[in-house]
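Let's take a tour of a protein, starting on its surface and then stepping back to see the whole chain. Have a look at the model first.

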Amino acid sequence: MLVPLSSPDLTELEKAAVANVLDTQQLSLGPRLPDFEQSLAAVAGTRFAVAVNSGTSALHLCIRGFGIGPGDEVITTPFSFVASANCILFERAKPIFVDVDPRTFNIDPSAVESAITPRTKALLPVHVFGIPCPLDPLMKIAGDNDLVMIEDSCEAIGATYKGRPVGGIGHAGTFAFYPNKQVTTGEGGALVTNDARLAAMSRSLRNQGRGEDGEWLSHERLGFNYRLSDINCALGTAQLRRLTAILEKRRTVAAIYNNGLHELEEIAPPLLEVQDSTISWFVYVVTLRSEFGGRRERDAILKHLSARGVGCSNYFAPIHLQRFYREQFGYREGQFPIAESVSERTIALPFYNRLSEGEISLVIRELKAAVASVCSGRFQAVGSSTA
Ligand SMILES: *Cc1c(COP(=O)(O)O)cnc(C)c1O
């Protein structure tokens with residue numbers, strides 16, 4: 001790849017932090033774990049943070065910890081990474097999808113209420129691509145209907161809604177630290193909450209169901225090994241110290257992209273501003289405007305970009321159309337038309353902290369060439385775009 005899709009931003013600070021752990025005897029369950037958790041709780045504005053080995057594990061512990069199980073329903077979005085719905089399946093509960101807002105790609109609160117049934121236990125909105133969901137209306141629905149609110153903030157660390165950090169607004173929130181995220185620990189994740197019971201339960205469940213005394217061969221419940229090593233935690237703490245600078249760099253890269261995309265009428269840039277919110281830039285996803293093409297043209301553009309060494313992807317394929325969701329629940333095309341239409345036209349472009357203006361120009365040049373070769377001829381009759 002000439003320009004990769006993503007790339008972590010690691011400095012001497014991170015390298016020294018990891019090297020220091022390797023000089024100690026405590027590679028896991030040592031002092032770096034509570035250090036990292038304290039930093040995370042500070043970022044989310046919560047009383048507790050529980051670090052685990054992935055964002056998926058964090059989501060699973062939320063579902064398990066709130067006692068959501070067989071027959072229960074959880075309302076969530078089909079336009080997300082598959083883990084945000086899989087965590088519901090892990091406990092034999094049922095994900096109930098509702099469609100998204102075509103502007104933000106986030107769950108549409110006005111579609112949520114009609115999906116509530118007597119079996120609904122929780123709302124699980126996702127702050128997709130780092131754009132905060134409208135949490136006030138969602139929290140109101142949760143409160144009115146006695147539902148648990150779990151924020152999947154795995155793509156949105158450091159984003160705010162009405163001045164408050166996302167992840168810390170619902171009953172629980174989750175973060176993820178895979179290398180393509182804003183903050184990485186290699187692999188890792190965390191849940192954040194003000195709920196002392198959920199925090200204690202999660203600490204037990206991540207550590208083989210051990211009790212709070214940590215007695216090594218005493219297991220009070222069925223647990224998992226979802227622990228995060230001190231090596232990962234040290235890396236994460238070092239990254240969090242640089243969080244403000246990291247998010248600022250990403251905002252700058254996004255703004256440069258948006259400027260450069262100005263004259264490309266076939267392509268809709270991502271939102272740079274959202275009311276009441278600050279965005280934490282996770283990925284830079286543009287969409288092919290529907291009057292210039294659909295899935296076929298988008299796929300051809302992706303192919304063109306890849307062939308020219310430009311990293312790209314189709315974030316996201318709708319969850320309800322994944323094979324095992326179709327088979328288990330009978331989902332089919334047409335059920336969530338906005339999520340489906342958007343996902344047929346998305347193009348994630350290279351996006352990371354150190355992306356240079358030269359590289360951005362190259363990406364835009366290649367995108368223009370791709371769009372010209374794929375969309376011209378077929379859509380020449382179309383004048384200036386309206387969408
Ligand atoms: C990355 C991500 C996760 C899961 O994180 P992992 O650490 O890869 O398990 C969950 N939900 C969303 C929306 C994500 O983007």
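A surface patch here is made of residues with over 30% relative accessible area and no salt bridge, where like charges are joined within 9 Å and nonpolar side chains (Val, Leu, Ile, Met, Phe, Trp, Tyr) within 5 Å. A salt bridge is a side-chain nitrogen of Lys or Arg within 4 Å of a carboxyl oxygen of Asp or Glu. The model is predicted: local features need pLDDT of at least 70, side-chain atom pairs count only at pLDDT 80 or more, and totals for chains, interfaces and linings use all residues. Residues are numbered from 1 along each chain as its sequence is written, and side-chain values use heavy atoms, leaving out hydrogens and water.

Now for the patches. Glu212, Asp213, Glu215 and Glu220 come together as a negatively charged patch on the surface. Leu29, Trp216 and Leu217 make a nonpolar one of about 350 Å², with areas from the Shrake-Rupley method and a 1.4 Å probe.

| Residue | Place | Relative accessible area |

Stepping back, the protein chain has twelve helices and 13 strands, which are DSSP runs (helices H or I, at least four residues; strands E, at least two). Of its 387 residues, 57% count as buried. Its C-alpha atoms fill a box of roughly 70 × 55 × 35 Å along the principal axes.

Technical notes. Lys, Arg positive; Asp, Glu negative; His and termini not counted. Charge placed at Lys NZ, Arg CZ, Asp CG, Glu CD. Buried < 20%, exposed > 50% of the residue type's maximum accessible area, 1.4 Å probe, protein only.
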